[in-house]
Structure formats: C-alpha cells, structure tokens
4 protein chains.
Amino acid sequence: MSYNTFGRVFRFTTWGESHGPAIGAVVDGCPPGLALSETEVQPFLDKRRPGQSRFTTQRQEPDQVRILSGVFDGKTTGTPISLMIENVDQRSKDYSEVANAYRPGHADYAYDAKYGFRDYRGGGRSSARETASRVAAGAVARLVIPEVRIRAWVEQIGHSPILYSRFDETEIDNNAFFSPDATAATEWERLVDAARKDGSSLGAVVVCEAYGVPAGWGAPLYAKLDSELAAAMMSINAVKGVEIGDGFAAALATGEGNADPMRPGEDGPEFLANHAGGIAGGISTGQPVRVRVAFKPTSSILTPVETIGRDGEATEIRTKGRHDPCVGIRGVPVVEAMMALVLADQKLLHRAQIG
Amino acid sequence: MSYNTFGRVFRFTTWGESHGPAIGAVVDGCPPGLALSETEVQPFLDKRRPGQSRFTTQRQEPDQVRILSGVFDGKTTGTPISLMIENVDQRSKDYSEVANAYRPGHADYAYDAKYGFRDYRGGGRSSARETASRVAAGAVARLVIPEVRIRAWVEQIGHSPILYSRFDETEIDNNAFFSPDATAATEWERLVDAARKDGSSLGAVVVCEAYGVPAGWGAPLYAKLDSELAAAMMSINAVKGVEIGDGFAAALATGEGNADPMRPGEDGPEFLANHAGGIAGGISTGQPVRVRVAFKPTSSILTPVETIGRDGEATEIRTKGRHDPCVGIRGVPVVEAMMALVLADQKLLHRAQIG
Amino acid sequence: MSYNTFGRVFRFTTWGESHGPAIGAVVDGCPPGLALSETEVQPFLDKRRPGQSRFTTQRQEPDQVRILSGVFDGKTTGTPISLMIENVDQRSKDYSEVANAYRPGHADYAYDAKYGFRDYRGGGRSSARETASRVAAGAVARLVIPEVRIRAWVEQIGHSPILYSRFDETEIDNNAFFSPDATAATEWERLVDAARKDGSSLGAVVVCEAYGVPAGWGAPLYAKLDSELAAAMMSINAVKGVEIGDGFAAALATGEGNADPMRPGEDGPEFLANHAGGIAGGISTGQPVRVRVAFKPTSSILTPVETIGRDGEATEIRTKGRHDPCVGIRGVPVVEAMMALVLADQKLLHRAQIG
Amino acid sequence: MSYNTFGRVFRFTTWGESHGPAIGAVVDGCPPGLALSETEVQPFLDKRRPGQSRFTTQRQEPDQVRILSGVFDGKTTGTPISLMIENVDQRSKDYSEVANAYRPGHADYAYDAKYGFRDYRGGGRSSARETASRVAAGAVARLVIPEVRIRAWVEQIGHSPILYSRFDETEIDNNAFFSPDATAATEWERLVDAARKDGSSLGAVVVCEAYGVPAGWGAPLYAKLDSELAAAMMSINAVKGVEIGDGFAAALATGEGNADPMRPGEDGPEFLANHAGGIAGGISTGQPVRVRVAFKPTSSILTPVETIGRDGEATEIRTKGRHDPCVGIRGVPVVEAMMALVLADQKLLHRAQIG
C-alpha cells in the first residue's frame, strides 16, 4: 500500500514527485485561531532549500510555499491547510540510464518490484525533495507547541565529530553544515569538498533536542512518544538508525550508570541526568527530549557500481547529475520538522484523553 | 491518549496490567482458513516465559494462552482472535514504597504526570509483562507469512559481544541467553550472575533477521517497512535504539563503501552486500530484513537512588523484589514477535494495493 | 478485511462469537480517574439481556460482565479496559441444517462468500449477541459524557406506532417494549405474541435522543457527528435505515418549513424548532441530538423459504430454535450505547483540537 | 477535531473553501498501473458543475481539474494523486450580513461554536463546493472497480416522485434533474422554477445502485459495507437520511415479506428479491447494492428568518445571492462518487484479508 499520512489527530498528508509540477502537504486537525501565513512557513523551507552552498545539491529551487486553504483573516480556521510548492528546476535531461538500470542503494529496484514501474525522473516519489513538504507541515506544527523550542544540529560527518566542549548553539546557523562547533565546520568544508570533487558521498549523524516539553505527553503503548519519534525519523530518506537518549550506549551501561536520579526542584522534579532522553514508559518526563539520527551517504556516486537493468541483465551505473554529497546536512531542518510534527500530535492526543 | 493498537490491516490490541487478573490481545484482520489453536501460540510464550533460569525474573507464570474467539474447527475464521493469559503469580506484597516514591528510569513519574495516578503493582500497564500479549499475537502473525523465517539473538550483553566467527544459529536455543556463540554464553553466565548477585542490571543488543521476505513489501512514505519496524521495536519496554542494516555505522561510510551492488541471480537479483538491511526507499528488496535493537539495563537495582516521593519530597529508593538482571534476554522472542507482526501487516497492505 | 474497532480517540474493539466461550470488548482511550466497576456496566447489560420476557429470545444468558484491566482502586487508569462476558447458554443442538444451507436474509451466504467458511453456531460473529459487547463499552462511554442524558424508545412495531400525544418518558422502562406509550405497549403485546406464535417476525423503529450535548461537537467533514452516528447505527444487526432530525421527511419540506429559527436565549441561542436533529454542518448545535433507526424483521422465521445449500443445490429452510420475534426491541439499549460511544469519541476529538 | 480523510486503504483527503484560491483532494492507496489523466476525471465534474441550467446555482465555475502527482506516462504510479480545482467565480460581494448573523439551518452557528470563528465567504469549508473534490476523487475510485457500474437518479423532488413504471435509465442524462422519468422531469421544471422565483427551496431523494459488486465485499463489524455507505452519504451536505435496500419500509414488513429467497443460478445464487439492498451482515451478496438518500431543502431562502447575530442579539436574515433551489439535484454525481469511493476501499480491504 501507499500510505502518505502521518499523525493521529494532528495529521499531514504529503504528495508529489521530484519532477512533477508541484509537491505539497495537507495538514489536518490543526487547532483554530493560530496566526499563519506564508511568512511563518517560508523561513523553515529556506533553511532546507537546495543550492545554497556548494555543499548541497545544485538544483535551484526557490521553494516558495503557497497556502491554499485553512486560513482566514491570517488565522487557522481549524479546517485542512493545503500547502503547495511548485517545482521549478526540473532539469530537462536524458533519464534513459536511470530508467533502464537500477541504482544500487536507491529505491529504484524496490519501487519497480512493488509497483511494476516507477516515475524515474529525479527519483520520483522517493526523492528527498518530498521532505520539503514535511518542513512546510512542520512549520504549522510549531504553532501548535509554542511552549517547545526545537533545535537540531549535525554531530558528525563521516568519521569527523564535533567536540561538545566547543558546542555553541549560536554557531549552528553560522555555517553551511548546521554545526555547533566552528572548528568542526571548517574540517567538514574540507571533507565535503573532497567528497563532492570525487563524486563520492558521506554519512552524517544529526541530533535533535526539544526543550519545554512538559511531563505527560505520549500515548502508551503503541503510540509511545519514543515509538512515534522512531517512526518519524526512520521515514526520512537515507535514515538508518534512531536513538532516544543514550540509545545504543545504554546497552553498555549498568542500571546504576543509566539511572536518572531525581531531586525536588523549583518546578517539578530536577533530574540529575538524562540518559533516558526525556522519555520514560513512552511518556515525556519534562526533561529535554533527545533523539539521534544516522544518515547514510547517498548512493548517488560517480564510481561505477555493478547493477542490473530492468531487463535483468548485468550492467554498471554511475550517478551523474546534481546531488547532495552529504544528505545528512539538509536533514537537519527535516529532523526538526518531524520532531515538531510528532510533538504537536502528542500534545493534542494528550489533551483528548486528559483534557 | 492511550493507544493500544498496532498495525493497519493486520492489527492487534493489547490490554492488561502486571498484577491484574489477566492480560491479553485481540488480533483483527487475520485472513481466514489458517490452522490455529493454542498449540501454535504456546511455544512462543514458553520461550519468553519468566522463571526459566536464574538469569531472568523469578516470577513464576505458566503463561498458558486461551483462544476465546475467531477460530472454528481449528481454523481462523477471519473474525477477531481474542487471546487471554491469566496472571497467576501476582505476589502479595507491600507496594507502599513504590506507590509513594518514583523509581528513576521507570515509568512511575511519567504515568503519574500524565494520568494523575497509576496502578503501581508490579509496574501496572508499563510492566514488561505486557510483552507476553505481543508474543501471543506474533504467533498468529507468523501464520500469515509462512514464506518468512524469523530469527533473533542476543549480540551483546554489557560490553561483551558475540564473535560472528563463532556464529552458530543452532546454538541460539541451547543456552539461556539466545546466544549464537556458545563461548559468549559462558561468559554471559558469569556476567549476569554477578549482576544478579549485586542487584545490578545490564543492557543488551538484540539482532533480528527475517529471511524470505519478497521484494516489494513496504508502504511509502509514512508506513515504510523500516519506519514501521522502528516504531514496533521502540515500543518495546527498555528499548532505546533501533538500526536497520548498518544503522549508525552507515553514517561513517562513504557512498562507495555503503553500496549494495547487484548482479543477475537465479531468482531475481543477487546482492553483493546488505548494508541496507533489506530495505530501500521503505520497501523490501528481497534480501534479509535486518534490525538491531538496544535494550537499556532495567532501572530496578538494589543500589539506592536519589528520587522524590509522590508528595514531592526528596527520598531514596532501591528496587527489591523479582526482576530481570538483563531484560534484553527475554526481549528476543518479543523482537521476533514484533518483526512478524510488522511483516504480516505489510504483506496484507501490499496485497491490498497491488493484488 | 475484518474491522472490529470503532472510534477515533475513544475506541472500542469487540470480539467473540455467539457460541464461543465468551465475548468482550476492549475500550481504549478512556480518560483516567472515572469511577468504574462492574456495577456501572451491569444495569445496561441487564436492559439488553435476553430471556427477560416472552417477547424476546428465550436464550438464558446472565450476561455478567467482568472488568479485566484498566481499573485500579475503583477508577479508570487511562489504560485499556477489557470487558468480558461469558457465554453460558450455548444450547447443544444439531446445527447441520444451518451449516449446510443458507438462511435467506442472514449473513450466512455472504460470510461464506467472503471467508470461504463460517462459524455457523448461532450465527457466529454475525449474531446479535455481539451487541452485548457494545452495550458494555457504551456504559464506559457514558462516564465520559456526564453532561449528556441519552434516551431511546421504540416508536413503532410493524405498522403500529406510538402516539406522541401519549408520550410519557417514565413509561419506557415500565413495559417489555421500551414504549413511551402504554397503550401502544398493550397493542404490541398482542402483535408480538401473534408473531411469536406464528414463527413470524416484525420490524421496528427506534428513536434515540441525547440531551445536553453542547454546541461544537463534530469533526467535519469525514467524521461529522451525523456521519459517525449513521455509521454507528447502520453497523447494528438488522438496521436498514438511519435518519437525523426530520430525515426523509425533510426531503418533502421547503426551506421555509425546514428552518430552525433562533432567538437569543438564557444560555446561548434558543431554537424554535429542531428539524435538523441537533446537528448542522456535521457539528452539534446545542439542541437535542435526534436519530431514528429502522430495524428489519429478523429473517429467522418458521415459514419455509426457498434457498440453496453450501453445495449450490436448491433446498428450503425454516429457522427453528430461539430468536427474537422483534429484534428492534432489544435494539433500544444498543442504539443508546452507540449514541454514547459516538458522543464520547466526539467530545474527546473536540477537546483534542480545541482544548 | 477536523477530520478530512475518508477510507481505510483507498483513502482521500479533501481541502479547500468555497472562496479560497482552490479546492482539491489527495487520493492515497490507489493501485498502480491504471490509465489516468484529466480526461478520466473531467466528465464527472462536468455533471456536477454549477451554472449549467437555471435549476442550479448560477455560480460559473469551469471546474477544470489538474492532476499534480501520482501519474506517470499516463498511468497511476501507486503514489498519492493530488487533484486541484481552481476557484474562479468567487463573486466579490459584501459578506457583512452573513459574517455577523447566523443563517438558520446552515453551519454558521455550529462552526462559530466549535472554532470560535469561521470563513464566512460562501460558506467556507461547509459549502457544497467541497463536493467537487469528492467527485474528482470518485472518478479515480471508479478506475479501481471496473467490474462495477454505478447509477444514481433523483427519485423525488418535494412531494413529486417519479413513477417506476416510467423508469428509463437512458432518460437520466437527458434532463436537468437526473430523472429517469421524463414526465416527472417536466413536472419538476415547473416545481423548481417556482421555488427559484419565490426564493424558496425544495428537498429531494436520490437513489443509487451499484451493479456488478461481487459477493464478499464488506468489513464486519465496524466497517460493514452498509455502515461505510451510511457514513459516506451522511457526510454529504444537506443529507439527513440514508436507507439500504428497503430501509424504513423494512420496519413495516414481516420476516416472510422481507425475505430474499435464493435459487441456484448460472453464476452463483439467483435471488428472488432484494429487500436487503445487496448487503447482508455488512457484506455484499452479489445483488445490486442499493442506497437511498434524503436531501433537505437548502436553508438559503429569501423569506426572512428569525435568528441571532454574532453578538447574540436578535435579528433577521434572508439569504440573497446564488444558490441551488434544490441541492439534491447536484447531489446525484456526489452520491455516485461516494458509492465508488466506498466500493473501491472495500474491494482493496477485501483483497488485503482474503487475497
């Protein structure tokens, strides 16, 4: 099946292909009365927009969003919000190679196996271009959770991590890599430039934290906050791993080392650690909600790779054309958007049951 | 909200608390005509059953399942299948300590913050006891996907991993740890014994593979096979991380190193690697589907931990009573069950759209 | 598919067959802190219980409900509430006739056509016995909407209607027919007795009103309050028609005649009529919500009817055994339950979006 | 909540307001490989289009649909299909009266009560204009069920019914009223003309039949075919009643009179009657599926009606401007679309469980 809706009461549905006339999202279940215009959405799209530095794909998309419904007199009405972004730079090119052979690591073969054929232009529906729709929907979600501040950054590109001793949140928007560590950003320039020149690609790790989530959000057992976050993040193109709090490091810990002791605080309990990433039993604890996401290197590389054609015959393919040498970088605003979308949904779910 | 249903067309709903009279699951959407009796379900429950070795909780539960509906003349009828397991060994004890103070790392505080109060007996709804219902439902799911073989094992306990050079699948059921490496099992005996004696606990990593999944299962974009698996695994108690294929290691790779080249094979393409874990673009590729799951050490430890009471005052708590020194061990049949449940659902979803 | 869950945030799932060991419902999404025990549920089951007068089926079922989860210290915990009712009087009999031939008007043929076979004992899953589970779930739903009072009655049996000039709500529980008109009840005794003796059956119309529903409940456009009520009522066995407000009579009216003029009232607007049945644009208006439901006569009759066997050959069938001569009578508590279940869900949905 | 998605595996989501820039639908879950272009959709929109005769609203909308996604090389790809229709004739006018006072019978008051304010221009989201989106989605649904032929007609306007003795299906598209009875159509001209001139409005009854639905579609118990149809029809603007088969007339029948005897036929059973409307136990029987739908007269009338203003003060309102004197007429293609959408969904649901 195709299933292009996410969320339970705050829901969004995305549509559109990389090289179709437009892409978009319909946001449903949004509370009424929130101030919304293109102005609230555009900045987030601008953060994700391609072609802004030499470290991302050179496709030039203005990514101008239009709101087609659900807003009246500058406010959400409680009815569906239709967001549309026109595709502008669908470069006219010869797709015969991609049409006839499967790029390993891409969805080409899997889509053909499932659907019998595919829109091969620029990856069609499986293109990371779809994430623009998520970012637009996420901007609406943020309006629902004004008490929450969300911040993501790149923690690592390839084998090169940031140092948390150099962490400076204000730095994140000062470089092309969403790096909170200016020194790492300089190193990444070199790394990503090299990869770009070689027609290679690099993986990355993105961390996202949400501050101000009150204790009590989460819908046990099968819409737990961490379970919803895992689904949300793993649905992003190129993501292969998700951790909440300490994640895999927790498997190495003992119960003593992994404890998050509590003390009476000013405003609810004060926690002495946050190994849990702000979630216990699938419910937020009031601590920062922390998720860590692994992006693989894109499979679009210049080195020829052994593959098969649609005819089943052996062949080789190299991916020419525009692509992100490190797709994790532009993943940052997408991860933030998914965090916002999950939290908005969980806030409304909580309100439904608890009032 | 409470949300206790998982799946889209093959769905199950679980109910029950650790110390209530019973727990259970209702499986809905199961195809008709499948041979089903308690005999098909019980062996999986037996694998998960507590009290079978000194390395798991000493609670003695026979975990005898009863099928109350949905089966006639030994076959599923296509109507809901109600599975019930009585709770037998709800040890009569004094719960006042747990009732009045929050065990750090447990769901105690979060449940109180959400619901205003909680069933504190044995963890109530947030107890790992609920996973017995999943295992029962998973046994039904397996009937839906006879073409698939599922196998999980413990890969690591604390800092002690298996060696894949010693991997022997037949070994998995020969030890108390679901270890495919007999040598590691011996080492883990020592480790877990020590933890148990110290009243400490250990984390673990579980790996699960599904063989025989045909190419084409998966429901892009928001019910991708990997996204559903991530949600399913992260919904298990104590799980903090999920990886598909290479997971976080993929973030360290280059596009060349991460490629899964294809060659013409006997029966569809032959893949030269499986970094992707059998999923591309959210759709199965025909390779083994591989997921890796991190379990934290349980927070039930004898060492006193700083905490607060329901009254907000500072106190300390140590968790006496029965518990699993390494909850990841008994996670193995649960991870397998969730794999089966996701795959059964995806198979039926695929059939809905593609026929 | 089988789809045995109803509701969006306040949801219930039913399971069980007429002659299985038990039937039941799992209620999920219920707010915490509501006083609940078997005592709150049993009276509603008692109203629906078979065998209470000669005008309903003679099957003797105590219909004692057990609550297996979701309640602690006499209050709902916010976790799933499992309700179970054991089947006691599954009369041991020879089902070969029903097994081998299709009773026209029953679900026999359709179930076989869909599932390939069926549990033919007492109608299996398609038996009206399932409605006991709805009534139990409905009792929980009522706790969620204490501001609402729900009242249903039989308006007509066969060609014999009540007179609204004789309407006396207190009369409804004074007779075996849920008739608000004592004179009609006397006439119905005669009618139903005659049908019972002849092995015939009668249709009926049930009206249900909900008082105290505030303006604003309803989820346009595809979970409108009236749309949800229509689905809920039409899902009851033997129901063939649903009207909101004036229903089909509205098709005969002019815009002037169908208007519900408003005037300023003490507490919001005062309406001068209620042709709309308390719902406009799918949203409650604050007036009584009114639904009218048509029950067909059951197809279980003694007169032989032409039919075919499982083998496709021509045959005849007469339905012996116990049955309701007028199934609409016992429909009254079921219609009330479905009204409560829809309203509880809509209240929580409203709260989710609006706060 | 707002809930603008319908369907379970074949789903559509609509968006848009009467006087916004556009309206549209996203169809998700459609099988791949179906031939689809605007050409397949436009004829159905043309049937529903306003301004085609003096008997419907004079708003001039070309209702040209654009397909923005989900189609490649003229075929559905299995990904979401975005359908957009621009609003052209949003007449610039003074809405202050409607903005400040509630039109009785319209959704004005209910929307304000729910959301706090509303887009009052032309009814905003509650306008029947939204049904164009359903008709577009319905055109896609028809591709999924080529074995089914759907046909609806107006059976009655006000007190004036067609005579089935004069029923001629070919006549339906020959008059402005979708009347299968040419004589009735002539009478309706007179009736509707009179209503239009008086600024009054008329109710209507629409009948819809689907031929070729095989036995076995339907998802008991809470997505029964009849239950889904009831929800679908009741969600249409101005609908107040839904009947399956004999509907309310069945309440007057006896079991003998209501039986649908079966005989062996060429191709499955031959039924001697169809009181059930082609559905038993929520599952199709192979007979024509028959639904009857009551439309109220629109509340937009020239006669002043007592009402209140947003300020709560007493006032009067008359609805000037363009409107349908009998909204049931244009309901015909909408009822057909909803029938197609329900059947497409049920076909895929059936396929999911049964294969």
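Predicted model: local features only at pLDDT ≥ 70, side-chain atom pairs only at ≥ 80, totals over all residues.
Leu221(B) sits in the loop between β10 (204–211) and α6 (225–234) of chain B. A cis peptide bond joins Pro220(B) to Leu221(B), with omega about 0°. Most peptide bonds are trans. Now turn to chain D. Leu221(D) is in the loop between β10 (204–211) and α6 (225–234) of chain D. The bond from Pro220(D) to Leu221(D) is cis, and its omega is near -5°.

Stay with Leu221(D), and look at what reaches it. The side chain of Asn4(C) comes to 3.2 Å from the backbone nitrogen of Leu221(D). Asn4(C) belongs to the segment before β1 (5–6) of chain C. Is Asn4(C) buried or exposed? Its relative accessible area is 1%, so it counts as buried. Beyond its neighbours within four places in sequence, Asn4(C) touches residues of chains B, C and D. Among them are Arg11(B), Asp28(B), Phe12(C), Arg125(C), Pro220(D) and Tyr222(D).

Next, follow the chain past α6. Ala238(A) lies in the loop between α6 (225–234) and β11 (239–244) of chain A. Most residues other than glycine have a negative phi. Ala238(A) is not a glycine, yet its phi is positive, about 75°. Ala238(A) is buried, because its relative accessibility is 18% and the cut-off is under 20%. In chain C, Ala238(C) is found in the loop between α6 (225–234) and β11 (239–244). Its phi is positive too, about 80°. Ala238(C) is buried, with a relative accessible area of 19%.

Now step back to whole chains. How do chain D and chain A meet? Each gives 40 residues to the contact. Together they bury about 3200 Å², and 67% of that is on carbon and sulfur atoms. On the side of chain D, Trp15(D), Phe72(D) and Phe117(D) lose the most area to chain A, together 20% of what that side buries. Several elements of chain D supply at least two residues each, including β3 (22–28), β7 (81–86) and α3 (108–115). The largest share, 5 residues, comes from β2(D). By type, the side of chain D divides into 16 nonpolar, 15 polar and 9 charged residues.

A rotation of 180°, with 0.0 Å of shift along its axis, superposes chain D on chain A with an RMSD of 0.0 Å. The two copies are therefore related as by a two-fold rotation axis. Of the interface residues of chain D, 100% are also interface residues in chain A, so the copies meet through the same surface.

Terms used. Residues numbered from 1 in each chain as written. Chains lettered and ligands numbered in written order. Heavy atoms only, no water. Contact = heavy atoms within 4.5 Å. Buried area = accessible area lost by both parts, 1.4 Å probe. Helix = DSSP H or I, 4+ residues; strand = E, 2+ residues; numbered from the N terminus. Nonpolar A, V, L, I, M, F, W, Y, C, P; charged D, E, K, R; others polar. Least-squares fit on C-alpha atoms with pLDDT ≥ 70 in both. Buried < 20%, exposed > 50% of the residue type's maximum accessible area, 1.4 Å probe, protein only. Polar contact = N/O pair within 3.5 Å; in protein donor to acceptor, adjacent residues only side chain to side chain.
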